[in-house]
Amino acid sequence: YVLYALTLAKKAGYSVDQKVMRKGVRSLVRNMSRIKNSTARIFALYVLSLNQKKYPYLIRNLMKDYLKGVEQDQLNSYDLALMVLTMKNYKMKKNLNKIVKLLKKKAIKVQNGRYVFWGQTYRRSNRRWNYDAVETTAWVIRALNKVNSNDSYINKAVSWILINKNGHHWKSTRDTSSVLMALSELLSKRKMKTKKLALTLNGKKLRNILFKKNGKFQTGFVFKYRNLGKILKKVNNVIRLKGLSRKDQVATNISLRYATNEQTIKNSSSGVRVKRTYYLLEKASDGSRIKYQIGRKFYRIKSGQKYLVKLEVSSNQSQYFMLEDYYPGGCEPIKDFKMYQIEGIGNRRSFDFIDYRSKRVIFFVDQLTRSKTFYYVVDAIYPGKYKVIPAMGSLMYFPNIRGNSDDFEMRVKE
């Protein structure tokens, strides 16, 4: 990934230390045999192909082995997309059309072929980055664009990508960056004239939208309710773009953000269950050392008291899990929690990494197996009545697999 980033930076005109680049290429070649995952290995081949003067024999020999996998249909769509890009970089025409044909065969069609995508939107056994639908589809768009920028599958895939956008981004930074790369490359190859469109709501013009290839163009607008209140209807609102011709191809995405009147937020689960419990910590002297015992559950606590947060998570086996919990207002976490002797707590290292931030703590786990329990200690400082939002757990690359605890109301007394 680092060598890929440096290669892109160099291509974009940034200054990159060539000595570091050469060492990176040599290191990647040396470690090629250690890479067991097929997608990671083909990705490494792709990165080497971007540095075209380096080790062409290695890429050609390894590509022969992977072509056997193509014939036996052993490679996924992500693998095939990377192979197409690698072969194009090395001008390897033989078998290229065969791989492109197989890629199209693997396309998943939606609404009678109006949209297509590649990868998997949800599958318990394969919650991995190289099966993710958005990222895989973005790389397939790049591959098809490299072969034929007017391929009909590209427009259908772009439309699917945009209708699966979540507000102003996709479900992860990795997905978002993959999509932006794909769309940027597509726009650079497509013939595009300057276009001025009018955006209307229920027949009332909101503003003009200017599309211009060789320059800045507007990509999104935010309209606040106070400006639209007189135009919006309770139902059957109609948004139109005026100024389009029959030849124009337009893909749009609209998101709506709103607040609810809920007084409490209940726990919910979409593949992950999260339970949060607060306990008072009670001092228990043990000679020269101070120990703590887990006390009762509470919703009222005195300023200066310390309490334990217990977070219980259960899910089917999942990879790259993240658990976030916000501190109550007026409270601060105790970061040297491992120094505390607390009876009844066994293994505290149920996580691979913990990040204490200004407003929340985040636990990271590479492999979540069935259930885990997380702990941290908080110091109640400032008196007041505080509403605590739920703890939230999700898979980093599949955030739709998620869950949250109940919210909580805490009072800190003087």
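Let's start at Lys-189, which sits in helix H9, the stretch covering residues 173-189. Keep in mind that this is a predicted model. Lys-189 is partly exposed, with a relative accessible area of 43%.

Searching the whole structure turns up eight salt bridges. One of them joins the side chains of Asp-151 and Lys-104, at 2.8 Å from N to O. This pair links distant parts of the chain, 47 residues apart: Asp-151 is in the loop between helix H7 (133-147) and helix H8 (152-163), while Lys-104 is in helix H6 (residues 96-106). Asp-151 counts as buried, at 8% relative accessibility, whereas Lys-104 counts as partly exposed at 25%.

Further along, have a look at strand S17. Lys-385 and Glu-409 meet through their side chains in a salt bridge, 3.6 Å from N to O. Lys-385 lies in strand S17 (residues 384-388) and Glu-409 in strand S20 (residues 408-413), so this bridge ties together parts that are 24 residues apart in sequence. Glu-409 counts as partly exposed, with 38% relative accessibility.

Strand S17 has another lysine to check. The side chain of Lys-387 makes a salt bridge with that of Asp-407, at 3.5 Å from N to O. Here the partners are 20 residues apart, with Lys-387 in strand S17 and Asp-407 in the loop between strand S19 (402-404) and S20. Lys-387 is partly exposed at 44% relative accessibility, but Asp-407 is buried, with a relative accessible area of 14%.

Conventions. Residues are numbered from 1 along each chain as its sequence is written. This is a predicted model: local features need pLDDT of at least 70, side-chain atom pairs count only at pLDDT 80 or more; totals for chains, interfaces and linings use all residues. Side-chain values use heavy atoms; hydrogens and water are left out. Helices (H or I, at least four residues) and strands (E, at least two) are DSSP runs, numbered from the N terminus. Buried means under 20% relative accessible area, exposed over 50%, partly exposed in between (1.4 Å probe, protein chains only). A salt bridge is a side-chain nitrogen of Lys or Arg within 4 Å of a carboxyl oxygen of Asp or Glu.
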